[in-house]
Amino acid sequence: MRFSGFAQVSEGKFNFVEKARYFFIFSIIITILGIVTLGVFGLNYGVDFRAGSSVDIALKKDLSGQKTEIEKYLTDSGFGKPGLTVGSNRVTIRFDDVLTDAKEKELKAGFSEKFDKEASMEVNTVDVEIAKELQTNALKAVLVASIGIVIYVSIRFEWRFAVAAIVALLHDAFIVISLFSIFRLEVNLPFIVAVLTIIGYSINDTIVIFDRVRENLRFAKLKTSADVAKIVNVSIWQTLVRSINTVMTVVVAALCLLIFGSESIKLFSLAILFGLVSGAYSSIFIASPLWLLLKNKQKPKPAVKSPAAS
């Protein structure tokens, strides 16, 4: 590969490396806002991560216009004010407390009699210990995935690439978590699957750029840190179209799932959309400039002295 086209690739085009500090500052601000939001509001855990009961009712009638009536029925029947989602063919009721067998039977009988005699009801219950175990296992899954990525990238590239990659991945995961906290969106098991999927897509884009950087470094004659910076900038430009096309392909699929999918996968699709945008941003604007920053801090190797002529 020849690099005489370096100037042509970078001339008159946006310099990612030169503007990297602004993207770093932007990401730091978003991270701080996310930490504050999580500290104040926390996450809106679904029944998968907290004790309680989730009741899914499959309908034969369209009750989408009767949410107020259903809420009144639940209050008058002593069920309190649980979370309620009403669709055209499904009703989901989420209770913070575990329903007893008597309450389950009462709910089934009362709902069938008042709203839809042909409705079928499914009750899922999670106790405190299971909820805590699910949270722990979710954190372990993200941690194991991160460690595996660090090991792989360190072997295939070098440790600086691994550090930059893992920072970008954690950045993506944290952005999605922060957005779910800000908008009070429900966090459940599909959300964890979405975060792990985001990590996979993000590392894929990042590795493509890193591989191009490594390939360009092999054939370039480097004299100053500015030469390395130029290689990073050119490498990003060379992979930019591929990165955008890949992300947009998945964005279209996730958007279709969000619009046309069932209620059960809408939050999963939304998390994927958040993560894809964040992943594309971090792969292009964060990961490679961060590697360059670490590379510039590397101490130069001492020059090898040639033996004196005898």
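# Questions about a predicted model

Biologist: Ser235 lies in helix α8. Is Ser235 buried or exposed?

Modeller: This model is predicted: local features need pLDDT of at least 70, side-chain atom pairs count only at pLDDT 80 or more, and totals for chains, interfaces and linings use all residues. Residues are numbered from 1 along each chain as its sequence is written, and side-chain values use heavy atoms, with hydrogens and water left out. Buried means under 20% relative accessible area, exposed over 50%, and partly exposed in between (1.4 Å probe, protein chains only). Ser235 has a relative accessible area of 0%, so Ser235 is buried.

Biologist: Which backbone oxygen lies 2.7 Å from a polar atom of the side chain of Ser235?

Modeller: A polar contact is a pair of N or O atoms within 3.5 Å; within protein, one must be able to donate a hydrogen and the other to accept it, and residues adjacent in sequence count only if both atoms are side-chain atoms. Helices (H or I, at least four residues) and strands (E, at least two) are DSSP runs, numbered from the N terminus. For the side chain of Ser235, the oxygen at 2.7 Å is that of Ile231.

Biologist: Which residues does Ser235 touch, not counting those up to four places away in sequence?

Modeller: Contact means heavy atoms within 4.5 Å. With the residues up to four places away set aside, Ser235 touches Arg212, Val213 and Asn216.

Biologist: Asn233 is also placed in helix α8. How far apart in space are Asn233 and Gly46?

Modeller: Asn233 has 3% relative accessibility, so it counts as buried. In sequence, Asn233 and Gly46 are 187 residues apart. In space, C-alpha to C-alpha, they are apart by 43 Å.

Biologist: Which residues contact Phe210, leaving aside neighbours within four places in sequence?

Modeller: In soluble globular proteins, nonpolar side chains tend to be buried together. Phe210 is among the residues with the most contacts inside the largest core. Beyond its sequence neighbours, Phe210 is in contact with Phe157, Phe161, Ala164, Ala165, Ala287 and Ser288.

Biologist: What is the order of strands in the open sheet?

Modeller: Two strands pair if DSSP finds at least two bridges between them. Six bridges join β2 (residues 52-58) to β4 (residues 90-95), and seven join β2 to β5. β3 (residues 83-86) and β4 pair over four bridges. The pairing in this sheet of four strands is antiparallel, and the order is β3-β4-β2-β5.

Biologist: Why is one side of β3 left without a neighbour in the sheet?

Modeller: β3 stands at an edge of the sheet, and so does β5 (120-126). One side of β3 is left without a neighbour because β3 has a single partner strand.

Biologist: Which residues make up the uncovered face of β3?

Modeller: In a regular strand the side chains alternate between the two faces of the sheet. The covered face of β3 has Leu84 and Val86. The uncovered face has Gly83 and Thr85.

Biologist: At about what angle does α4 run to β5?

Modeller: Axes are lines fitted to C-alpha atoms, for helices over the stretch in contact, and angles run from 0 to 180 degrees between N-to-C directions. α4 lies across β2, β4 and β5. To β5, α4 runs at about 155°.

Biologist: Arg184 lies in the loop between α6 and β6 (186-187). What is the phi of Arg184?

Modeller: At 35% relative accessibility, Arg184 counts as partly exposed. Its phi is positive, in a residue other than glycine, and is near 55°.

Biologist: Over which residues is the pLDDT below 50?

Modeller: pLDDT is the predictor's confidence in each residue, from 0 to 100. The protein chain averages 84, and 92% of the residues score at least 70. Where pLDDT is low, the predicted coordinates should not be read in detail. The pLDDT is below 50 over residues 1-10.

Terms used: A nonpolar core is a set of buried Ala, Val, Leu, Ile, Met, Phe, Trp, Tyr and Cys residues joined through side-chain atoms within 4.5 Å.
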